Structure formats: C-alpha cells, structure tokens
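The structure comes first, and the description follows.

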Amino acid sequence: MAIDTKHSENRSVVDQVGSRVRWLVAVYRRLDLSAQVSFWIVAAISVAAAAAPLITPYAPGEQLAITADPALKLHPPTPANPMGTDLYGRDVFTRLVYGARSSLAVGLLAVGIAATIGITAGSIAGYVGGWVDESIMRVMDILISFPALVLAITLVGALGSETVITILPVLGELLASLPVVGSWTSNNIINVIFVIGLVYSPQIARVTRGEVLRTSEEEFVEAAENTGLSRVRILVQHILPNSMAPVLVQSTFLVATAILFEASLSYLGLGVQPPIPTWGVMISNGQGYLPDSWWWTTFPGLAIMVTVLALNLLGDGLRDEFDPRSATDGGPN
Amino acid sequence: MSDAQTTLSDADIDAETEAAQVCSDDSLLSVRNLQTRFQTAGETVQAVDGVSFDIAEGEILGIVGESGCGKSVTSLSLMDIVPEPGEVHGGTVRFDGEDILTKSPEEKRQLRGNRVSMVFQEPAKALNPVFDIGWQVGEPLRVHENLTKSASRAKAVELMRRVGIPSPEERVDDYPHEFSGGMRQRAMLAMALACTPDLLIADEPTTALDVTIEAQILDLIQELNVQTSMSVLIVTHDLGVVAEVCDRVAVMYAGRVVEYGDVEDIFANPQHPYTKGLIDCVPDPTADEQSLEAISGTVPNLADTPEGCNFAPRCPHATDECRQIDPRMRAVGDDHYSACLWEDPS
Amino acid sequence: MSTSNYAIKRTLLLVPVLLGVSLVTFLFIRLSPSDPVVAMLPPEAAAQQNIVNELRREMRLNEPLYIQYTYWLWDVLHLDFGYSYSQSARVTSLIKSSAWATAQLSFFSFIIGVIVAVPTGVISAVKKDTWVDNVTRVAAFGGISLPGFWVAIMMILVFALFWQNWFGAPLIPSGGYATLSDGLGTYLRHILPPATVLGTGFAALVMRMTRSSMVEVLQEEYVRTARAKGVKEKSVLMIHALRNALIPVVTVMGMQIGFLLNGAVVIEQVFQWPGIGRLLYMSVLSQDLVTVQGIVLFIATVFVVANLVVDLLYAYLDPRISYE
C-alpha cells in the first residue's frame, strides 16, 4: 500500500501534488491491459458526460420531429442522428450522453453516501470494539439480510412521491450545492442515490472494519498511542489512511453496481423520473417499439454494459495492485 | 594455500563423463546428468544442473544439502512431478532398466505410487484435508490395483497397523486434522507402502516433526527397508539423519552433487571442502567446547551461477583455477567421488 | 463441538437476526410518509373519513408502534401476513403461489449457472494466464456487467420477434408462465429464457470464485501428493482439487441466492413471470404496503435461511470447520 501520510508534512504543496501524480502514473503503468483500456473508457465517458453540450448539437429534450423534420420520429440511425431518434423525435445519442450524467452522478454520489456511512460505522466498530462493535455489526447483518434490490424497491416504494430531502433537509442542502445535481432535488433520483447508498453501506462497513482491525495491530499505531495522541486523532490520521486501499477498490466495484442498480430501478419506473434522461428509462420506453425501432433500446443497453464492464475491469486491476489478498472474495456483488 | 592443493585433480570433465564414472547399469535406479530448470519471465533457474547417482536394490541413499540446493527438486524430477514452471529438460532416470523420463505420461502415472512412491516434508499439508485417512491410504490400491472401495479400506487398516498407528480400525475414519504430526507421517508412509513399491522417495520426512517422533519415523523407514528390501531415497538437510539411516550419501550444492559415496567413508574422510564444512557444522555432543563452524556466505543464485566452481566464492581454499574451471565428480576412493578441483584440499 | 451442536448453535443465532429483520421490515413500512390506509382504498372511499377511520381502527394504526409490531409479529408467526386490498386476496396465498413460480425459476438459473460456471472456472484455473483464461475472465466480467433486463429484452427481440419475422414462428414466447402440465416443451420454452438471463450473472460470479479458489488449491501440497500417488490427472483436478476448491465457492453461491432474488424482481417483470419479484413490484406500484411488508419479510427470511443452509453445508464439506 503506497499511501504514505507520515512523511509528507515537510514537503511543499507542489511537491506533494507532483509526487501524487507520479504515483498515479506509476499505478496506471502497473495495471494490466484490460484495466488500462478500461481506465480510458471510464475517463472518456466521464468527459462526455461533463461536456455533454459540446459533444452533441441537440438538447436532451429537443423534439427534432417538431423543431426540424417531422420524419424524425422513430427514425433509424443516420449520420446526423447516429443512434436514431425516439418516438418524440429526440436524438437517442444526445439522450445517451446526457444519460451518462445521471448514471455517473448516481454511481458516485451513492457510493459517496455508502462510504460515509460505511467508513464511519466500520471504523468505529473496528477501533472501539466491544459492545459498540457488536451492535453496529449486528445492524449491518440485518441490513445485509435483505437482497439489495428488494430492499431498495421497498424503500423507494415506501418513500413514494416524497423525496429523502423532506426527511433529511441537511442532505438536500448539500446536494443542492452541487453542479448539475443541484437542479435535481425535487426528482426521485435523490431517493435513488440515497437508497442505493444505504443499501450498500454494510459492504463498505465490513471491509473498513476488517482493515481497521488489521491496521490497529501495526507498530506505528502503538507508537502513536504512546505519544499521547487522542484516540480520534489516531483513528483519523494514522489508522484510516492506511486502511483505505481495499475500501477504494471495493468502491470502484460499487460504482459499477450502483449504475446497474439505478438502471434497473429506472427501468421499473421507480428510479429517475422524466425529464432527466437516463439509460434505464430509455430502455423501458423503447421496449414497446420493438422490433422495428431496435436502436432505441439497444444503444442504452450497450452504454450500460460498456460503462459497468469498464468500471469492473478497472476495479479488478486496482484490486490486483492494492489488495491482492481479497482476490478470492469473488469480486463485485 | 597449502602444499597439498598444488595437485590438480582430473575433475575438469563434463557432466556426461561424470555420469559415466558414477553410475552403473545394474542398479535399481540410475540417474544420469539430470537437469531441471524453472523458467519464468526474465530468468532461468537451473535448479538441478546435471545430477548423477545410483540406488541399488535394498539400499538407502541420502541426498543432503542446504535449503535451495536442488535436493527436493531432484526428488520430484525422478517422478517427473516438478511443479510449474519447472521442467526436467535433460538426462535419464533409469528405473529397473528403463528410462522413466522417455515414458508416456500414462506409463509414468502407472509407476507413481505403485513401483515408486513418495512421502513429503509436511504431512499436515501433504494430506488432503477433506478426505478421511482410510480413503487416502487406500487410494493407490484403487488406482493401481483396481481394488473396490471396501477392499481398499480393509487393506488401509492393515497398512496403518503395519506403520504403527494404534487402533487403526477406528482411526481409519478420521480426518487428517484429527491426527498428530507423527501419526500423519505414519499415514503418509502407509499410503506410500500400499502397492509395495520398489523405491520409496522421502523428501525431508522428519523435518516438520519433533525429535522423538523423528527417531520413531526413521526407525520405521529402516525397518520397512529391511523387511521388504525396498530401496529408499531420503532427502534431508540433516547430516544426523544421513548418519543414522543411510548406506550411501550424495552431498548436493547449488544444483550439483559435489560428493558422493559410502556414508562411513565420507563422514570419516570428506574430500570436498563443502562436505567438510557441513560436517563441521554438526554439533558433537561428546565435545566440551561446541564449535559451530558455519560455512560463511550464501548459496549462489541459481539463475546466475559463478564461473568456475559454484562453491568457490564460499570456499576457504579457493584458487584462481577454482574460479575458472567448473569441476565435476571423479573417483577419489573406492565408492567415493568428489567434485573438488584439488586432490586434497585442506 | 460436533457438527450437530454447531448446527443447533448456528440455527439459534438465526432468531435475533430474524427478529431484527422483522422489526426493520415493520418500521420501513409503518414510517413511510404515505398513509397506508389512503393508499389501499379506492379514491372515492378514501375521501370518506368514516371509512378511513374504521379501517385505521381495524388495522390498529392508532395504537402505539410497539403494540402494532407485537400484533403484526403474532400474525406473521401464524403465517398471516394480512389482506391485500389491491389484489383482493390474502397475502399468504399470494406469496404461496408466486413463490413457487420464483422457486422454479431460481432452480433452473442455479443449475444453468453451476453447469456453466464450475467447469469453466476449473479450465480457467488449469490454463491460468493463457488466452483461454483471459477470454473467460473478460466474459465473466461481461456477465456481471450486463443489465439483466436489457439482455432479457434483447433475447425476446431476437428469439421471439426477429425469429418470427425470419422463420415465421418465434423460437421462444415473449413472456408468460407455463407449467409442466402444458407439456415439457412448452414449459421449457417459457422457463429457460428468464432462467438463462438470471443464470448468466450468477454463473459469472461462481465462475470467478471457482477459478481463484482452484488456482489456490492447485498449489497445495496435497495435489502434488495425489499426483505422486499416480492418480489420473482428471481425478487429481475433479476430486482432490475441486472438492477443496468448492468449499469457498459454496459460500459464494449462498450469498448469490440474494443475487437471484434481486434479478427475479426485474427479470420476472420483463418476461411477465408471475413470481414473487413481480408481485413485490406490482404491490410497490399500487402502494399496497401490507403486501409489500409480507413479501419483504418472506424474501429476507428465505435469504437468511438459505445462508444458514449454506453454512451447514460448509461444515459438511470441510471436516475441519466444526472443531474450530
């Protein structure tokens, strides 16, 4: 594990950034070919999502059948509309690019929430131990007793038309301050992010707890304890940074899983709601126009597959690099 | 440099000539110029570099050397079960007149566990944890003699009794984790004996055991050797084991046999500086002052052995010739061979 | 500790987990912001306050939460999950009929998954780092990364819709349920497509696990012992090595029962398979919270019990376990 925080205080910020970049490049070089290719695919999708307006001339909701040519309803792929158009004359490629925004946002934010809950719970459980550990992990056991999608559907269903923000206003303010996502706060996508994050937090908690338990045994922790540092500081400054590599690997897999999850929920109509374009809803809408308008369902499915596959292969490469012990854990879940 | 060293020997020969001098045709097992290497991405490790020796019927031969000298790989090479990426790529292993290495995989398989069998260093790992002892001890009989499951089990009980496992009728259903270390090695021996082999290869059979158990297992091996006139090859790092049970010994260093012959003669009159060093390392319980004269330095990297004699960098008597000429074993007495360039280095 | 003591201890540990699961299920639904009574009534009835009040009393919604939970748990222990107003049927009988449909589906997916995954995993391990291994690795990740519902749609597109255009008759139906009494051919044509889609992701995970477990086991000394005994290479792999390698694989299979149940929710919907997943989905859509509650508790219980069975199987497969 190369994350070294112990000797970094003396160096200037520039040096630090430089060494981080060099370290990342070194990590990249050690990845196998499939992970390297996956890295570039993930990077390309992220850039496309961020720079969507620069990539496509149309707006995601623009009905070309009205604004341009009435024949563009359910029109097969042409050079101008490389993935065809849908029932409303919207460009499928454009909606795919904008859909990447919702997919990646859900993936990253949900894993962010899962990591916040999971790392907090897992590190407290692992470091404090005793009955605290017991109670936290029993709660996690109970959450894990529900198949993830079953739990998610139930939660999303129970929330109904309310968003989590009415229950947790703090979360709402936080999300509203983010770019793109800020305008989504009244959409069900917020519930989806929150629910996926909650459902997957026990997995992060388990990994964190195990790593914290292992790291706590290390000599430098003992040394830090002898210097009289507070336990909170020891946990945050010494134990956690040295326990994060497997958690990061796990998180990469979880981003992939969360994207797949969002697509499933949206396909079922329980996820992201219009007008936000999302791959799952595109598939669900296009399904009724098979087999003639095959492009409407085919391309969003391919987009999900490529994105999720690239994230999984990248995660696998990172795992070989940082966490070879867990290679037998069976991968993403 | 002492005066005696001024006499150059005729050790400047190749591995084939060595094999021709060392081996005879009528032995049960005759290994000639055996070569085994491990090829990985960047390098080739020549673990066994032209090894030759004989084992006569009913004889116990010891192969002794430090860890990493190629003695275990040699024993695995004889049965052609060197793990990947290792491969036997030269030499012959004549067993009962036929070269094992040129046989088909199926013919080799029929020899293994049947006419030649093997026990390993750590019985705890060498036994399969999920099958009971009876199933494992009886397996060679099912494989080679087509015994039924129940017949092989009955025979397993018999074999277990023979190797001194108490109340074998009950223990036959136990799993390896329910056995003690010594009992596990007895079970391994029972398994090896199942098809009454002509040759038993024991790779560090007592290294993982404590001293009293070690003595019992060695006694058992000797006893079986006498009773069945089965030949035995014992691989060990412990000269004490050699002294106790072996008739003859091959001392290995860096993938080569450096001294070979009758045990008593070699212990009384070691010719190779490495053998002398090894013998000096053994604590003498009768001496008042223990001189644990370890051999200085470490075993050379087998991917990049030095020019000349492999032992030269560690040898107290090494000369410029030693660093240029790569010596092989030649006769230094009746049934006594040494691979030192000098007639009498001391 | 003997195996039976271990089994008893492990089973008793199940009780607190199941209690926790029931409490969580109960709370999720009762704390839902939407009013279960209003949601379950047709709009014209929901507008009449006396009907609403009557129903609230009947459902004990005015009692404190712990009383409600106790009543509910008591009923659940008697296998009474309540009444579904949206489906006009007892939840227990709804679960019973749909669970059978899902069980058949899961069974076939499981079989398909194992038949594909275990041999490929073994081959991949034996041919480690060759092109065979690399292809299966990427294929396995593909299997994990495919959105099941989309594969299902593509399957219907090609084998039902396109097939009909090309050959005049579809190879598979585009969904629906059939039983064995409809004839074996009809039955298989209905169940195999959804089972294959569900089995793909399952197979991918089991295959990865088999491979890594097998790679590890093949380096064990007892595998060398088996070779030294003259055991045929096929038996070395399929008996000596695989028997050990399967121990962790079985655990993963247990966890993946959850994967099958997850998939069932979506795949059953695509293929119109009247299983428990589809029932859950329909109930969520119609805000039939009583039914949702029953189904979720049922699925979680099945999942937890399945994991117990796997744990016990583990103890049987690995003779060392019960003594630890």
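In this predicted model, A:Asp316 forms a salt bridge with C:Arg137, their closest N and O atoms being 2.7 Å apart, where a salt bridge is a side-chain nitrogen of Lys or Arg within 4 Å of a carboxyl oxygen of Asp or Glu. Between chain A and chain C the count is three salt bridges. Of the two pairs of chains that touch, chains A and C have the most contacts, contact meaning heavy atoms within 4.5 Å. Chain A and chain B, by contrast, do not touch, and their nearest C-alpha atoms are 16 Å apart.

| Chain | Residues in the contact of A and C |
|---|---|
| Chain A | 49 residues |
| Chain C | 50 residues |

Together, chain A and chain C bury about 4,200 Å², 76% of it on carbon and sulfur atoms; buried area is the accessible area (1.4 Å probe) that two parts lose on being put together, summed over both.

C:Arg137 also belongs to the contact that helix 8 of chain C makes with helix 10 of chain C, where C:Ala140 and C:Phe141 of helix 8 are among the other residues. Helix 8 (residues 131-145) and helix 10 (residues 184-218) of chain C pack at an angle of about 140 degrees, with their axes 7 Å apart. That angle makes helix 8 of chain C oblique to helix 10 of chain C, since angles under 35 degrees count as roughly parallel, over 145 as roughly antiparallel, 65 to 115 as roughly perpendicular and the rest as oblique.

Residues are numbered from 1 along each chain as its sequence is written, and chains are lettered from A in the order in which they are written. Local features need pLDDT of at least 70, side-chain atom pairs count only at pLDDT 80 or more, and totals for chains, interfaces and linings use all residues, while side-chain values use heavy atoms, leaving out hydrogens and water.

Methods: Axes fitted to C-alpha atoms, helices over the stretch in contact; angles between N-to-C directions. Helix = DSSP H or I, 4+ residues; strand = E, 2+ residues; numbered from the N terminus.
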